[in-house]
Amino acid sequence: MTGSNAAPPMIRMESVDKFFGPLHVLKDITLEVPKGQVVVVLGPSGSGKSTLCRAINRLEPINSGTIEVDGRPLPAEGKELARLRAEVGMVFQSFNLFAHKTILDNVTLGPIKVRKQPAAEARKTALELLERVGIANQAQKYPAQLSGGQQQRAAIARALAMRPKVMLFDEPTSALDPEMVQEVLDVMTTLAKEGMTMLVVTHEMGFARQAADRVIFMADGEVVEDSTPDSFFSAPKSGRAKDFLGKIL
Ligand code: ADP
Ligand code: MG
């Protein structure tokens, strides 16, 4: 898929370093994610997975290296940055919905404000997306009136409403009650099958095995392994990965 004449990868990171004060949290990360690929990022707590996601979306500035999304370098600020953020959808562990807005308004806000979509069009698209994630009947409710799983599906619909080119998920099911995990993973699996480029930080090994094209294992700010789910789970190469799998499986 990525020959020299092919389209640019959806995400390209080259020699990316990130420090928090003296702490070196991303160490010389070079990584390409081709269009349509689903990458699951695994690794122990503190290994830099969230920082990696946040760097791609420029929620965290990097200290050195380059990051490109769909062939374009990350802009530093202003309108260009707003546009990039719209192209890179992000779903967090905490649902981050606006508490004082209805689910429908949560989904239409970005398209109206950032994409300058007419309200009627934004509403139509939002209702279609809410239908797709199975909560169209919750459109007029407020976030607190929904279950955690429904809120997270609303957050996914909100991100999709911006027509992103790539979706980043940072532990999207970690804050959910166990019985709600699958309904969110199902939505993500459908999205993956539809060809969305996805980078997913998760501890859901079932999802990694079934939906991922590729598994990246991080430890101490480095990409330690980069392989298919099959080979990662059946034959992890590094001691760190073996140790991690031993604890989690
Ligand atoms: P993960 O998501 O894999 O658990 P993070 O990317 O959140 O890891 O964190 C990587 C390292 O950076 C950790 O040591 C964490 O404590 C540190 N860190 C994360 N965010 C900040 C911040 N805003 N300020 C200082 N240190 C941070
Ligand atoms: Mg994290």
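A residue is called buried when its relative accessible area is under 20%, exposed when that area is over 50%, and partly exposed in between, as computed with a 1.4 Å probe on protein chains only. By this criterion Glu128, with 43% relative accessibility, counts as partly exposed. The structure described here is a predicted model, in which local features need pLDDT of at least 70 and side-chain atom pairs count only at pLDDT 80 or more, whereas totals for chains, interfaces and linings use all residues. Residues are numbered from 1 along each chain as its sequence is written, chains are lettered from A and ligands numbered from 1 in the order in which they are written, and side-chain values use heavy atoms, with hydrogens and water left out.

Helices (H or I, at least four residues) and strands (E, at least two) are taken as DSSP runs and numbered from the N terminus, and two strands are said to pair if DSSP finds at least two bridges between them. In these terms, an open sheet of 6 strands has the order E6-E7-E8-E3-E9-E10, and its pairing is mixed. E6 and strand E10 (222-227) stand at the edges with a single partner strand each, so one side of each is left without a neighbour in the sheet. From one strand to the next, the twist averages 20°, where axes are lines fitted to C-alpha atoms (for helices over the stretch in contact) and angles run from 0 to 180 degrees between N-to-C directions. Strand E9 (residues 214-219) pairs with E10 in the antiparallel sense over 5 bridges, and Val215 has Ser227 of E10 as its bridge partner.

An open sheet of 4 strands, with antiparallel pairing, has the order E2-E1-E4-E5. Its edge strands are strand E2 (23-33) and E5, each of which pairs on one side only. Strand E1 (residues 11-20) and E2 run antiparallel and are joined by 7 bridges, and the bridge partner of Lys18 in E2 is Leu26.

Helix H2, for its part, lies across E6 and E7 and runs at about 60° to E6. The buried residues of H2 are Leu81, Leu84, Ala86 and Glu87, and these pack against H1, strand E4 (64-69), strand E5 (72-73), E6 and E7. In H3, Ile103, Leu104, Asn106, Val107, Thr108 and Pro111 are buried, and what covers the buried residues of H3 includes H4 and H5. The partly exposed Glu128 is found in helix H4 (residues 119-132), and its C-alpha atom is separated by 24 Å from that of Ala211, 83 residues apart along the chain.

Grid points are joined across faces, edges and corners, and a volume is the space filled by probe spheres set on the points. The largest pocket holds about 520 Å³ of space. It is lined by 22 residues, of which Arg85, Met90, Arg158, Ala159 and Met162 are the closest to its centre. Helix H2 (78-87), strand E6 (88-91), helix H3 (103-113) and helix H5 (148-160) are the elements that give two or more residues to this lining. Residue classes were assigned by counting Ala, Val, Leu, Ile, Met, Phe, Trp, Tyr, Cys and Pro as nonpolar, Asp, Glu, Lys and Arg as charged, and the others, Gly among them, as polar; the lining of the largest pocket then has 14 nonpolar, 5 polar and 3 charged residues.

The second largest pocket has a volume of about 160 Å³, and the residues that line it include Gln182, Asp186, Lys193 and Phe207. Helix H6 (178-193) and helix H7 (205-211) each supply at least two residues of its lining, with the largest share, 6 residues, coming from H6.

Most residues other than glycine have a negative phi. Arg163, in the loop between H5 and E7, has a positive phi of about 55° although it is not a glycine. Glu171, in the loop between E7 and H6, likewise has a positive phi, of about 45°, and counts as buried at 15% relative accessibility.

Conventions:
1 Å grid on protein atoms, 1.4 Å probe; cavity = no way out; pocket = protein on both sides within 12 Å on 5 of 7 lines; lining within 4 Å. Contact = heavy atoms within 4.5 Å.
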